[in-house]
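Please read them with the structure open.

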Amino acid sequence: MDEAAPRAVLTDTTDRAGAVLVCDATGKMSAIVSLTTDSISDQLDMHATYKRGETAVISSGQEDPIETTVRYSPANKIIEIGAHTPAARIYNSVIRGNTISIAVEHADQVTTTLPAPDATFKAFAKTCMSARTKADN
């Protein structure tokens, strides 16, 4: 990973659910969110081949909840959000300091506040915005 222009950023806390945000070459975001307080790095390292499509409802701040299809991995208790809009909702919750709540049909609901933006997150935001600007031109 290029620390000056990261394409991904992750939390690594064990006191709250964590997340990974990824930005592709066109500035579109995707996310992986933990449904437990385990280290998301450890959860991602687990060998979990079975994933299934689920409907998730993501709430953040005063915005209307958003419903999206996610890939849920029951073995390591994570969801993968491939669509840009719900992943951007996670991103915006970091910037605004909002609590996010995610309800998945066959899993427990998780409510968490992700860590405040640090230098790595700010570099990620800049990289993603630059990629989106280039893609729009």
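**Notes on the predicted model**

1. Start with Lys77. Lys77 is partly exposed, at a relative accessible area of 37% (buried is under 20%, exposed over 50%, partly exposed in between; 1.4 Å probe, protein chains only). Lys77 sits in the loop between β5 and β6. Beyond residues up to four places away in sequence, Lys77 touches Val33, Ser34, Leu35, Thr36, Gln43 and Tyr72 (contact means heavy atoms within 4.5 Å). Asp108 is 31 residues from Lys77 along the chain, and their C-alpha atoms are 9.4 Å apart.

2. On the basis of the values: this is a predicted model, where local features need pLDDT of at least 70, side-chain atom pairs count only at pLDDT 80 or more, and totals for chains, interfaces and linings use all residues. Residues are numbered from 1 along each chain as its sequence is written, and side-chain values use heavy atoms, with hydrogens and water left out.

3. Next, the core. The largest nonpolar core has 30 residues (a set of buried Ala, Val, Leu, Ile, Met, Phe, Trp, Tyr and Cys residues joined through side-chain atoms within 4.5 Å). Leu21, Ile79, Ile81, Ile90 and Ile102 touch the most other members. At least two residues of this core come from each of β2 (19-23), β3 (29-34), β4 (52-60), β5 (66-73), β6 (78-81), α2 (84-96), β7 (100-104) and α3 (119-136). Helices (H or I, at least four residues) and strands (E, at least two) are DSSP runs, numbered from the N terminus.

4. Which residues does Ile79 contact, leaving aside its neighbours within four places in sequence? They are Ala31, Ile32, Val33, Leu35, Val70, Arg71, Tyr72, Ile102 and Val104.

5. Look at β2. Four of its five residues are buried. β2 pairs with β1 (8-10) in the antiparallel sense, over three bridges (two strands pair if DSSP finds at least two bridges between them). Val20 in β2 is the bridge partner of Leu10. β2 and β3 also run antiparallel, joined by five bridges. In β3, Met29 stands opposite Cys23. The hairpin of β2 and β3 has five residues between the strands, and Gly27 there takes a positive phi near 85°.

6. The largest pocket holds about 170 Å³ of space. The search used a 1 Å grid over the protein atoms alone; a pocket is an open set of points where a 1.4 Å probe fits, with protein on both sides within 12 Å along at least five of seven lines, and lining residues have an atom within 4 Å of a point. Of its 15 lining residues, Val9, Leu10, Thr11, Pro115 and Phe121 are the closest to the centre. β2 gives the most to this lining, with three residues. By class, the lining has 11 nonpolar, two polar and two charged residues (Ala, Val, Leu, Ile, Met, Phe, Trp, Tyr, Cys and Pro count as nonpolar, Asp, Glu, Lys and Arg as charged, the others, Gly among them, as polar).

7. Is Arg89 buried or exposed? Arg89 is buried, with a relative accessible area of 11%. Arg89 belongs to helix α2. Not counting residues up to four places away in sequence, Arg89 touches Ile58, Ser60, Glu63, Asp64, Pro65 and Ile66.

8. Last, Ser39. Ser39 lies in the loop between β3 and α1 (40-45). Ser39 is buried, at a relative accessible area of 9%.

Methods. Points joined across faces, edges and corners; volume = space filled by probe spheres on them.
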